[in-house]
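Have the structure open beside you as you read.

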Amino acid sequence: MSTPTMPGAHEVHEAPTDQDEAAAARSPLERFGLRGRALEIANWVAVALGIYLLITAVSVIGDGFKLATGGQAEELFAFASNPLIALMIGVLATALIQSSSTVTSITVGLVAGGLPMATAIPMLMGANIGTTLTSTLVSLGMVRQKEDFRRAFAAASVHDFFNLLAVVIFLPLEMMSGLLDRVSTFFADQLAGSDGGLFATIFAGIGTAVTTVTDPLADLIGMIGDVLPEPWGGILLILIGIGLILAVINFIGVLLKVVMVGKAKQVLHNAIGRGPLSGILSGTLITVMVQSSSTTTSLMVPLAGSGTFSLKQVYPFTLGANIGTTITALIAAFAFTGIEARLALQAALVHLLFNLFATILIYGLPFLRNIPVFGATTLARLGSENKLYIAGWVLGVFLALPALLIFLTVIL
């Protein structure tokens, strides 16, 4: 189908990361000789298996963390009791792994294993910042065309500036009032608490059904940790869980890119340009469909760079991607039952509520809404003239500053 062209846009130069990427996407199951309908069914079965392994891996991390800390999680993470350091851990981990879904899923498992919520909340905020590096790297694919790069980088970095502004507002607010902690506790009690009524009963029933299926494999993997003395057995389980999550999320991402990118493109082209609410909803839907905000931004940034969509159209779409990517942590919360389930769900809800509140507040108030746009356009203009600005931004915000702060905290 044809793509809409913005008035005044120059002739569109299609970026290879957009159309070609979808065309080149191949299911890893094709190597087994599957084709047609059989391949389509196998892809969806593999996605379901991937979700099963994701939930199992999160459970393994929770068990490993409890085993490694011996119930002394707060003492272990004393160095991260400073919210700024916990924030930097989230930024650096997500920037290095290139997946906020992975970091938030790991955090959910750690919280169920005893990680203090006061430490987890800034880490989840940091994951929001770290994940924006992906769209920035995607925009570098157009670096040879000055105007295309300026538009693409602005579309990518508006995500950076929005998430940075969200943290600047909500981290101090959280430290002063405990807003996210209190609101997430309320909803977690309604969904997983013993006095939550019908919602808690339904959620507990689903959680019990899921853990009944996933616990045997998690327990089998857990036997590996029992072989080694503490804390090494627990550390090994954590590493196994992290490895599984990395592999599974990557695998699911590949499969969903094969089966869903075409539908995602259709949603994107039908929704963008119809208003901010449509953009936010389509960004959320596409990210839920493909289980990856990285794929969502990979679809959008080249289109912005080519002039097909304006920055103001892309902006709400990226906010929807923020919201949609929280679904992975919510799925991961089903790895637990009882009090652990409530804690895991609360951590997942913190991520969701943070993105919802930030979108409502920042995008809802015109004087705040325009700050990320101004920052993105200014940095893109400077970066298109001198690439050192881009290098300084990427290396400084996502790597050097977080690593330096963490290092100074550990040694001092």
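Contact here means heavy atoms within 4.5 Å. This is a predicted model, in which local features need pLDDT of at least 70, side-chain atom pairs count only at pLDDT 80 or more, and totals for chains, interfaces and linings use all residues. Residues are numbered from 1 along each chain as its sequence is written, and side-chain values use heavy atoms, with hydrogens and water left out. Helices are DSSP runs (H or I, at least four residues), strands are runs of E (at least two), and both are numbered from the N terminus.

**Helix α12 with helix α14**

- Helix α12 (residues 276–290) and α14 cross at roughly 40 degrees, and their axes come within 6 Å; axes are lines fitted to C-alpha atoms, for helices over the stretch in contact, with angles running from 0 to 180 degrees between N-to-C directions.
- That angle makes α12 oblique to α14 (under 35 degrees counts as roughly parallel, over 145 as roughly antiparallel, 65 to 115 as roughly perpendicular and the rest as oblique).
- The α12 and α14 crossing is right-handed, a term for the near helix being turned clockwise from the far one by less than a right angle, with anticlockwise being left-handed.
- On the α12 side, the contact residues are P276, G279, I280, S282, G283, T284, I286, T287 and V288, and they meet P316, F317, L319, G320, A321, I323 and G324 of α14.
- By class, the contact of α12 with α14 has 9 nonpolar, 7 polar and no charged residues (Ala, Val, Leu, Ile, Met, Phe, Trp, Tyr, Cys and Pro count as nonpolar, Asp, Glu, Lys and Arg as charged, and the others, Gly among them, as polar).

**Helix α8 and its partners**

- Helix α8 (residues 146–177) packs with helix α14 (residues 311–324) at an angle of about 50 degrees, the axes being 9 Å apart.
- α8 is therefore oblique to α14, and the crossing is right-handed.
- In this contact, A154, A155, V158, H159, F162 and N163 of α8 meet L311, V314, Y315, T318, L319 and N322 of α14.
- The contact of α8 with α14 divides into 8 nonpolar, 4 polar and no charged residues.
- With helix α9 (residues 179–192), α8 crosses at roughly 75 degrees, with the axes coming within 6 Å, so α8 and α9 are roughly perpendicular.
- F170, L173, E174 and S177 of α8 contact L179, L180, D181 and R182 of α9, a set with 4 nonpolar, 1 polar and 3 charged residues.

**Salt bridges**

- The structure holds 5 salt bridges (a side-chain nitrogen of Lys or Arg within 4 Å of a carboxyl oxygen of Asp or Glu).
- One of them joins E40 and R37, whose closest N and O atoms are 3.6 Å apart.
- Because E40 and R37 are 3 residues apart in helix α2 (residues 36–69), about one helical turn separates them.
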